[in-house]
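Biologist: I am new to this protein and would like a guided look. Could we begin with the structure itself?

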Amino acid sequence: MAPRTDPVELARDLIRCRSVTPDDSGAMDVVETALSTLGFECHRLTLGEAGDPPIENLYARLGTEGPNLCFAGHTDVVPPGDEADWTHPPFAAEIHDGILYGRGAVDMKGAVASFIAAVGRMATSLAGPDGRWTPSGFSLSLLITGDEEGPAFNGTRRVLEWLADRGERIDACVVGEPTNATRIGDTMKIGRRGSMSGFLSVEGAQAHAAYARSEDNAVHRMIALLHALTAAPIDEATDHFDPTSLQVVTVDVGNPTVNVVPPRAAATINTRFNDRHTSASLQALICEKLDAVDRDYAIRWHVSGENFLTEPGVFTELVASSVADATGSRPAYSTSGGSSDARFIRHHCPVVEFGLNNATIHKTNEQTPVADLEALTAVYQALITRVARGEPLV
Ligand SMILES: [Zn+2]
């Protein structure tokens, strides 16, 4: 079989697999077949405890020498919602007026297809007499999971553990999440803010509204506590991060009457915190603000992830230069947005994210211009070309 060099047809093959987490529906086979054709050594890891739906994962490597440049991505997608709301069916991969429609077009089957096509183009132009291309002085690898949009328990994190157990090293990693805001080349991600929720509750005294004392009213006390958290900004921006955001996302009293003061009030806050804080130090700061107005409350925490940053350096420069080579535009470094599997990879090696345009991720009518798939393929090819020339990864 000939190497796959067209990101558009490969992306369409992937979109036609209805791989809503945890279903795979053949998507990983499409990836594995394309990589095997290029000579990658492929390891399929089907993971999941008894009773869990099994999750398809793939680690594939081309070449035996270091350093090892890894591309990380996922083949699973979020549900399409009501398919009748789509102007083009979410799993048909139709192209109209140069736009490819489908769930996963940008998040992130399109990027997976672009990276594979980039390797395919390298192989086609550099292949030896046997029709194969093997990198010399470096290796390329792909870590592809079917559990990124779901709980992410049986995905990238476990594949990274498996790699570590085998002594398999990755030296630097690009994650193909959609990072650009308006055009390919405007933004790459070098880290993320941390994410933490707090569940706050206050006990008051139930009383007749006509006779209640204001200081016993759980709602009044909750308002004072929330005001203490929201009256002033938590902090200011840092070199690479926006200010910490603290949002009250719900206040719950559930009082059906007008003449009874409720005995209890609850509220949930969600924070996205920059590198001035860890989750522990931010919890302490929030409790300090609460204690200043009322010490009689309870709060329980859920930490979704700590912040992280790949310090601008050799690897961020290598990727940014490759983007500039291919698009003529040097990307801005950003740490905005929600979480991705980069939060696991950053414990192993420098990691950045660069992919398609994020305007339609998780939306009805998710779509990408076909031209963007070509542009992203050119970026990945420029990156591989620089590494093949001997430029250091880290
Ligand atoms: Zn994604």
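The conversation below goes through the overall layout, the domain interface and some local details.

Modeller: Please note that this is a predicted model, in which local features need pLDDT of at least 70, side-chain atom pairs count only at pLDDT 80 or more, and totals for chains, interfaces and linings use all residues. Residues are numbered from 1 along each chain as its sequence is written, and side-chain values use heavy atoms, with hydrogens and water left out.

Biologist: What does the secondary structure come to?

Modeller: The protein has 9 helices and 19 strands, taken as DSSP runs numbered from the N terminus (helices are H or I with at least four residues, strands E with at least two). The C-alpha trace spans about 90 × 45 × 45 Å along its principal axes.

Biologist: Which domains does the assignment give?

Modeller: Domain 1 covers 7-192 + 308-388, and domain 2 covers 194-305; such bounds come from an automatic or database domain assignment. Their C-alpha centres are 39 Å apart.

Biologist: How many residues are in contact between domain 1 and domain 2?

Modeller: On the domain 1 side 8 residues are in contact with 6 residues of domain 2, where contact means heavy atoms within 4.5 Å. About 510 Å² is buried between the domains, with carbon and sulfur atoms giving 58%; this is the accessible area (1.4 Å probe) that two parts lose on being put together, summed over both. Arg 192, Leu 309 and Thr 335 supply 56% of the area that domain 1 buries against domain 2, more than any other three residues.

Biologist: How many salt bridges does the rule find across that interface?

Modeller: The rule finds 0 salt bridges there, a salt bridge being a side-chain nitrogen of Lys or Arg within 4 Å of a carboxyl oxygen of Asp or Glu.

Biologist: Changing topic, is Ser 195 buried or exposed?

Modeller: Ser 195 counts as buried because its relative accessibility is 12% (buried is under 20% relative accessible area, exposed over 50%, partly exposed in between, with a 1.4 Å probe and protein chains only). Ser 195 lies in strand β10, and among the residues it touches are Phe 273 and His 302.

Biologist: Where is the peptide bond from Thr 21 to Pro 22, and what is its omega?

Modeller: That bond is cis, with omega near 5 degrees, and Pro 22 lies in the loop between α1 (7-15) and α2 (27-37). Ser 25 lies in the loop between α1 and α2, and has a positive phi of about 55 degrees although it is not a glycine. Most residues other than glycine have a negative phi, and most peptide bonds are trans.

Conventions: Lists of a residue's contacts leave out its neighbours within four places in sequence.
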